[in-house]
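Thanks for sending this one over. Here are some notes to read with the structure open beside you.

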Amino acid sequence: VLIFVIAIALFGPIVSPHSYEAIHLEFINHPPSWQFIFGTDELGRDLFVRSCYGIRISLLCGLLAALVDLIIGTLYGTFAALKGGRVDEWM
């Protein structure tokens, strides 16, 4: 599922004929259709492309959080292992 979500985030805007900034005033609040997969918002912007960009940001935040957790956990565990004894028990 994660690979599918990543693929949609990366290739969704490329496949869609609409851009992130494009405003289509003639399609304000258009329901989902073959032209606009998720429909449009109050300015006529394609919600599918905007959702793809939102997925990119969410995945980047999750990846950065996991990286920070990895670094902190590694340093914490290394310090506890090297000191040992009471420091290790306290930690």
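Predicted model: local features only at pLDDT ≥ 70, side-chain atom pairs only at ≥ 80, totals over all residues.

1. Let's begin with how helix 1 and helix 2 sit against each other. They pack at an angle of about 125 degrees, and their axes are 8 Å apart.

2. Which residues meet where helix 1 and helix 2 touch? From helix 1 come Leu-2, Val-5, Ile-6, Ile-8, Ala-9, Leu-10, Gly-12 and Pro-13. Helix 2 brings Phe-48, Val-49, Cys-52, Tyr-53, Ile-55, Arg-56 and Leu-59. By type, the residues of this contact divide into 13 nonpolar, one polar and one charged.

3. Next, the loop between helix 1 (2-15) and helix 2 (47-83), where you will find Ser-16. Is Ser-16 buried or exposed? Its relative accessible area is 13%, so it counts as buried, the cut-off being under 20%. The side chain of Ser-16 joins that of Asp-46 through a polar contact of 3.3 Å. Leaving out residues up to four places away in sequence, Ser-16 touches Asp-46, Phe-48 and Val-49.

4. With 19% relative accessibility, Arg-45 counts as buried, because the limit is under 20%. Where does its side chain make a polar contact? The partner is the side chain of Asp-41, at 2.8 Å. Setting aside neighbours within four places in sequence, Arg-45 is in contact with Ala-22, Ile-23, Gly-39, Thr-40 and Arg-50.

5. Asn-29 deserves a look for its backbone. This residue, in the loop between helix 1 and helix 2, has a phi near 50 degrees, a positive value in a residue other than glycine. Asn-29 is exposed, with a relative accessible area of 52%.

6. Pro-31 belongs to the loop between helix 1 and helix 2 too. Not counting residues up to four places away in sequence, Pro-31 touches Phe-36 and Gly-39. Gly-39 is also among the contacts of Arg-45. If you trace back 16 residues along the chain from Pro-31 to Val-15, the C-alpha atoms of the two are separated by 20 Å.

7. Ile-37 is another residue of the loop between helix 1 and helix 2. Beyond its neighbours within four places in sequence, Ile-37 is in contact with Pro-32, Asp-46 and Phe-48. Asp-46 and Phe-48 are also touched by Ser-16. From C-alpha to C-alpha, Ile-37 is 17 Å from Leu-25, and the two are twelve residues apart in sequence.

8. Last, helix 3 (residues 85-90), which holds Arg-86. How is Arg-86 placed, buried or exposed? Arg-86 is exposed, with a relative accessible area of 75%. Its C-alpha atom is 19 Å from that of Thr-74, twelve residues apart from it in sequence.

Key: Residues numbered from 1 in each chain as written. Heavy atoms only, no water. Helix = DSSP H or I, 4+ residues; strand = E, 2+ residues; numbered from the N terminus. Buried < 20%, exposed > 50% of the residue type's maximum accessible area, 1.4 Å probe, protein only. Polar contact = N/O pair within 3.5 Å; in protein donor to acceptor, adjacent residues only side chain to side chain. Contact = heavy atoms within 4.5 Å. Axes fitted to C-alpha atoms, helices over the stretch in contact; angles between N-to-C directions. Nonpolar A, V, L, I, M, F, W, Y, C, P; charged D, E, K, R; others polar.
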